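Trainee: I would like to learn how the words used for a structure are tied to their cut-offs. Could we go through them one at a time?

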Amino acid sequence: MGSFTKWLGAGLGFTFGGPIGAAIGFAVGSFVDGFSIKDLTQEQLDYERTRQSSGRSSAADTQSGDFEMSLLVLASIVIKSDGKVDQRELDFVRSQFVGMYGKERANNAFKLFSGIIKKEVSARQVCIQIRQNMSHASRLQLLHFLFGIAKADGFVAESEIEEIRKMAGYLYINQNDFESIKAMFHDASENAYKILDIEKTATDAEVKSGYRKMVKKYHPDKLQGLGEEHLKGANEKFQSIQAAYEKIKNERGM
């Protein structure tokens, strides 16, 4: 498998196993002649032995590749949730991966994605695997990316919102955080307050407090462990918080 094998084995950890590993195995087997599921299974076993012997915690053991694989699998579920596969959404996934990883790595990822999207995957099982192995900040970033996919065709369908809402629940992301991220992809005037997770009736002091709370929760530094390639999306999310705060301040003359 040449460079593809090298890419697939680089930086992967918990996604070698479980339902995500099964989806990867299905996808690779669908386009690589001579691929044996035993090869992937052996990699999974080797990884588990290494992790258990090292005593490292699961969330701390999340690799850049794990985030990448999680994005691919969850993106495939969201894209299919409205009953069709829209080319604009596929193009969004490709462009995001090119921006994060460069053309060669993105091409490998999209090749794998083309196989994963053909497989029926349990969102609940995948999200449980992610939840058990990934930090809360990383899970919030996954949700932000999924809303970006949903809006890539210019309209976030209700079926897409509900699919992402279900995923948020499985990922142990609460309703307030879900609504905050969702509001980043809508232009209504009241969304500035939703982004900061405060009511429109909040006092100026409560606005400032809500802003500080969101800055702490969504600061890009929380994703440093996932590599520089994943900080672009984190910065976009952070900028949405800054913009919401500035909008409210201007409206109130703070």
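The conversation below takes the terms in turn and sets values against definitions.

Mentor: Please keep in mind that this is a predicted model, in which local features need pLDDT of at least 70, side-chain atom pairs count only at pLDDT 80 or more, and totals for chains, interfaces and linings use all residues. Residues are numbered from 1 along each chain as its sequence is written, and side-chain values use heavy atoms, with hydrogens and water left out.

Trainee: How many helices and strands are there in the protein?

Mentor: There are 13 helices and zero strands, where helices (H or I, at least four residues) and strands (E, at least two) are DSSP runs, numbered from the N terminus.

Trainee: What makes a residue buried, and what share of the protein is buried?

Mentor: Buried means under 20% relative accessible area, exposed means over 50%, and partly exposed lies in between, using a 1.4 Å probe and protein chains only. Buried residues make up 51% of the 254 residues.

Trainee: Why does lysine 111 count as partly exposed?

Mentor: Lysine 111 has 39% relative accessibility, and therefore counts as partly exposed.

Trainee: What makes phenylalanine 92 and phenylalanine 145 an aromatic pair, and which kind is it?

Mentor: Rings of Phe, Tyr and Trp (its six-membered ring) pair if their centres lie within 6.5 Å, and planes under 30 degrees apart count as stacked, over 60 as edge-to-face and the rest as tilted. A search of the whole structure finds five aromatic pairs. In the pair of phenylalanine 92 and phenylalanine 145, the distance is 6.0 Å centre to centre and the angle between the planes is 50°, which makes the pair tilted. The pair links distant parts of the chain, with phenylalanine 92 in helix 5 (residues 87-101) and phenylalanine 145 in helix 8 (residues 136-151), 53 residues apart. Because its relative accessibility is 8%, phenylalanine 145 counts as buried.

Mentor: Phenylalanine 147 and phenylalanine 178 also form a tilted pair, at 5.6 Å centre to centre with 50° between the planes. Here phenylalanine 147 in helix 8 is linked to phenylalanine 178 in helix 10 (residues 175-183), 31 residues apart. Phenylalanine 147, at 0% relative accessibility, is buried, and phenylalanine 178, at 1%, is buried as well. Together with Phe185, Phe147 and Phe178 form one aromatic cluster.

Trainee: How do you know that the charged end of arginine 94 sits over the ring of phenylalanine 110?

Mentor: The rule asks for NZ of Lys or CZ of Arg within 6 Å of the ring centre and within 35 degrees of the ring normal. The charged end of arginine 94 is 4.1 Å from the ring centre of phenylalanine 110, and arginine 131 lies over the face of tyrosine 172, at 3.8 Å from the ring centre.

Trainee: Which residues line the largest pocket, and how do they divide into kinds?

Mentor: The lining consists of Asn176, Glu179, Glu190, Tyr193, Lys194, Asp197, Ile198, Glu199 and Lys200. These divide into two nonpolar, one polar and six charged, where Ala, Val, Leu, Ile, Met, Phe, Trp, Tyr, Cys and Pro count as nonpolar, Asp, Glu, Lys and Arg as charged, and the others, Gly among them, as polar.

Trainee: What makes this a pocket?

Mentor: On a 1 Å grid over the protein atoms alone, a pocket is an open set of points with protein on both sides within 12 Å along at least five of seven lines, whereas a cavity is a set where a 1.4 Å probe fits but cannot get out, and lining residues have an atom within 4 Å of a point.
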